[in-house]
Amino acid sequence: MTANHRSVDLKHGFDLRHGLAPGHASDRGTPGAARALDLKRAFDLVAGTALLLALSPVLAGAALLLTLAQEGPALRRRTMAGLHGRPFTMLTLRTRSPLAALPLLLHVVRGQMSLVGPCPLSPTHRECSGETRRRLSVRPGMTGPWQISDRSDLPWEERELLDLHYVDHHWLGMDLAVLARTLPAVRRRRLRRASARPARLA
């Protein structure tokens, strides 16, 4: 791990001083690494299905409200690079609220995305080629270290380091920690945006 990786890891709460997690890049291709990936996929399938069933009324209601409130479809479609670079059409709601991400649960259940993983990128993005192409060895995530950062102005270079750190060191314990911190992080960002808005004149 480079010094840059360590500085970013410690800054955002990923202290690796106690050793590498089972998903380290040097372990890829081993039976243990394969079992870890199978466990991650099983967790995604079970948890993603449960969340999709629980939140489907919210998703349907939000889609209906957006359809009635605006012209055009309620869903936004974008082509993204999935596992090993396979392209897929990613669906999100046409809103800037956290509800926009709810359709991503469909992709988690279908195996195109993971609950936790690197930031989804288009197939033509520079990080989908060259040395950083190793990010495509795992599925893109609904959330990840980049999402739970307390910095709303996180530079792309640091987000890239966080994503590559996740790819090299991910394991189920890290996924659970990221998931536990996602909603509080989203709530903090919403509060910061609300407090930054100028007060309306009476």
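Biologist: Where is Ala 100 found?
Modeller: Ala 100 sits in the loop between β2 and α3. Helices (H or I, at least four residues) and strands (E, at least two) are DSSP runs, numbered from the N terminus. Please note that this is a predicted model, in which local features need pLDDT of at least 70, side-chain atom pairs count only at pLDDT 80 or more, and totals for chains, interfaces and linings use all residues. Residues are numbered from 1 along each chain as its sequence is written, and side-chain values use heavy atoms, with hydrogens and water left out.

Biologist: Does Ala 100 count as buried or exposed?
Modeller: Ala 100 counts as buried because its relative accessibility is 14%; buried means under 20% relative accessible area, exposed over 50%, and partly exposed in between (1.4 Å probe, protein chains only).

Biologist: Which residues does Ala 100 touch, leaving out those up to four places away in sequence?
Modeller: With that exclusion, Ala 100 touches Thr 92, Leu 93 and Thr 95, where contact means heavy atoms within 4.5 Å. Ala 100 and Arg 76 are 24 residues apart in sequence, and their C-alpha atoms are 9.2 Å apart in space.

Biologist: Turning to the strands, how many bridges join β1 to β2?
Modeller: Strands β1 (residues 75–81) and β2 (residues 87–93) run antiparallel and are joined by 7 bridges; two strands pair if DSSP finds at least two bridges between them. Ala 81 stands opposite Pro 87 in β2. The two strands form a hairpin with 5 residues between them.

Biologist: Which lining residues are closest to the centre of the largest pocket?
Modeller: Of the 33 residues that line the largest pocket, Ser 97, Pro 98, Ala 101, Met 142 and Gln 147 are the closest to its centre. The largest share of the lining, 6 residues, comes from α6. By type, the lining divides into 20 nonpolar, 7 polar and 6 charged residues; Ala, Val, Leu, Ile, Met, Phe, Trp, Tyr, Cys and Pro count as nonpolar, Asp, Glu, Lys and Arg as charged, and the others, Gly among them, as polar.

Biologist: How many cavities of 30 Å³ or more are there in the whole structure?
Modeller: The search finds 1. The largest cavity holds about 50 Å³, and its lining includes Ala 81, Cys 119 and Arg 135. That lining divides into 8 nonpolar, no polar and 2 charged residues.

Biologist: Lastly, how many helices and strands does the chain have?
Modeller: The chain has 6 helices and 4 strands, in the order α-α-β-β-α-β-β-α-α-α from the N terminus. Of its 202 residues, 40% count as buried.

Terms used. 1 Å grid on protein atoms, 1.4 Å probe; cavity = no way out; pocket = protein on both sides within 12 Å on 5 of 7 lines; lining within 4 Å. Points joined across faces, edges and corners; volume = space filled by probe spheres on them.
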